[in-house]
Amino acid sequence: MTTTPLSLYLHIPFCARKCPYCDFNTYAGLQALFEPLSVALAREISAAGAVRGRPPVHTIFLGGGTPTVLSAGQLARVLDACHQAFTILPGAEITSEANPGTVDRARFADLRSLGVNRLSMGVQSFDGDELAFLGRIHSADDAEIAFAHARAAGFDNINLDFIFGLPQQQPATWQSTLQRGLALAPEHLSLYSLIVEEGTPLAAWVASGRVPAPDEDLAADLYEMAQARLVAAGYQQYEISNWARRHPAGGSFQSQHNLTYWRNADYLGFGPGAFSGEQGRRWSSLRSPAEYIRRSDAGQPLLDSEEQATPALAMGETMMVGLRLLDEGVNRAAFQARFGRDVSEIYPDILTELAAAGMIEVTPDCVRLTPAAVLIGNRVFARFLPS
């Protein structure tokens, strides 16, 4: 039995409507699969916990898709399976994503009763035209009402997601979205630049000329605008796309679940298309919800793909994700404990070159991006990946 706490990700691959920019493994119009999927998901969780001897867990994340399209009973089934199969530590962070168009006061109360203590709400914008372009099923007012309902249900740790860099997005509109978001005083904010993902309706629109491609320079301007605005509002930018308030009792409202990914620690993913990473092995489950259910019911393997990371790849990925943490960076002691060598032994020339160019800071404790390199972080990350 491992003593290092794990993180669990539970993938609910259903949406009321799929957004045109989304390339996640999600589906609309599959209500008939809600019940059998919840049964199969609970079965997968139970089997994984049993084979590992109920190891400790410090975060659970219900993602998708839209987990809140499931009934309270279906959500209870999968969360109960987590508690039966794993040792959920006291104070564990349990997050559920929530679409403001699929939740109300009663649903938030259900989530709280199930032990969910953190929400991540996909608001995306407070502008009606932008919400329509993004295919969202909620209005700006719906988002504010949902937030109020969440507070009334007792949630005191809420993240709001926003998207910027839409084609021809106006800075004044982005400023207004930030202002309305900050007025709600969420504990956490995640801001993502719109990416045109291959195979999405948005990609087809851009290819056909129906809409212009997002402007990278505009996106950079909007990002810097948000940085200044959020810092002024008292938020700490602890990761390239994420900001958190300080916790009144000490510490902060940083996403403990996502820190697992950024520290390249072990996590288990359950559900169609979910990914897992444990002790260098990475694998994913079948993507098709119907096939996932069929194989589960038949007692057949759910594995879709797997690989064992080479030491060079594992070290490179640890650098890549760790450098996203702007203050913490890549912890040198943790890196050496894991790989048996300090980062300076593995990457002497790269570290020297990037530091001389003002892109990274190398301290006795960590390696981290400089503020000047945040907008070009991908160029820095790529230097550490094996060719």
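Student: Which residue of strand 4 stands opposite Ser-7?

Tutor: Thr-59 does. Keep in mind that this is a predicted model.

Student: What makes strand 1 and strand 4 a pair?

Tutor: Bridges. Two strands count as paired when at least two bridges link them. Strand 1 (residues 6-12) and strand 4 have 7 bridges, in the parallel sense. That passes the cut-off, so they are a pair.

Student: Why is strand 4 called largely enclosed?

Tutor: Of its 9 residues, 8 are buried, so the rest of the structure largely encloses strand 4. Buried here means under 20% relative accessible area.

Student: Why is Thr-260 called buried?

Tutor: Its relative accessibility is 4%. The limit is 20%, and Thr-260 falls under it, so the residue counts as buried. Thr-260 belongs to helix 9.

Student: Which residues does Thr-260 touch, leaving aside neighbours within four places in sequence?

Tutor: Ser-7, His-58, Ala-265, Asp-266 and Tyr-267. Ser-7 is the residue we began with, opposite Thr-59.

Student: What makes the phi of Gln-124 worth a remark?

Tutor: Phi is positive, about 75°, yet Gln-124 is not a glycine. Most residues other than glycine have a negative phi. Gln-124 lies in strand 6 (residues 118-124).

Student: Is Gln-124 buried or exposed, and how do you know?

Tutor: Its relative accessible area is 8%. That is under 20%, so Gln-124 is buried.

Student: Where is Asn-264, and what is its phi?

Tutor: Asn-264 is in the loop between helix 9 (256-262) and strand 11 (267-270). Its phi is about 55°, a positive value, although it is not a glycine.

Student: Why is Gly-29 called exposed?

Tutor: The value is 56% relative accessible area. Exposed means over 50%, so Gly-29 qualifies. Gly-29 is in the loop between strand 3 (27-28) and helix 1 (34-52).

Student: How far is Gly-29 from Pro-56?

Tutor: Their C-alpha atoms are 36 Å apart, with 27 residues of separation along the chain.

Student: Why are helix 6 and helix 8 called roughly parallel?

Tutor: Look at the angle. Helix 6 (residues 171-183) and helix 8 (residues 216-232) pack at about 30°, with 11 Å between their axes. Angles under 35 degrees count as roughly parallel, so helix 6 is roughly parallel to helix 8. Their crossing is right-handed.

Student: Which residues of helix 6 and helix 8 meet?

Tutor: Helix 6 brings Pro-171, Trp-174, Gln-175, Leu-178, Gln-179 and Leu-182. Helix 8 brings Leu-222, Met-225, Ala-226, Arg-229 and Leu-230. By class, that contact has 8 nonpolar, 2 polar and 1 charged residues.

Student: Why are strand 15 and strand 16 said to stand at the edges?

Tutor: The open sheet has 3 strands in the order 15-17-16, with antiparallel pairing. Strand 15 (330-331) and strand 16 (360-362) each have a single partner strand, so one side of each lacks a neighbour in the sheet.

Student: How do you know that strand 16 pairs with strand 17?

Tutor: They are joined by 3 bridges and run antiparallel. At least two are required, so strand 16 and strand 17 (residues 366-369) pair. Glu-361 stands opposite Arg-368 of strand 17.

How values were computed: Residues are numbered from 1 along each chain as its sequence is written. This is a predicted model: local features need pLDDT of at least 70, side-chain atom pairs count only at pLDDT 80 or more; totals for chains, interfaces and linings use all residues. Side-chain values use heavy atoms; hydrogens and water are left out. Axes are lines fitted to C-alpha atoms, for helices over the stretch in contact, and angles run from 0 to 180 degrees between N-to-C directions. Helices (H or I, at least four residues) and strands (E, at least two) are DSSP runs, numbered from the N terminus. Angles under 35 degrees count as roughly parallel, over 145 as roughly antiparallel, 65 to 115 as roughly perpendicular and the rest as oblique. A crossing is left-handed if the near helix is turned anticlockwise from the far one by less than a right angle, and right-handed if clockwise. Contact means heavy atoms within 4.5 Å. Ala, Val, Leu, Ile, Met, Phe, Trp, Tyr, Cys and Pro count as nonpolar, Asp, Glu, Lys and Arg as charged, and the others, Gly among them, as polar. Buried means under 20% relative accessible area, exposed over 50%, partly exposed in between (1.4 Å probe, protein chains only).
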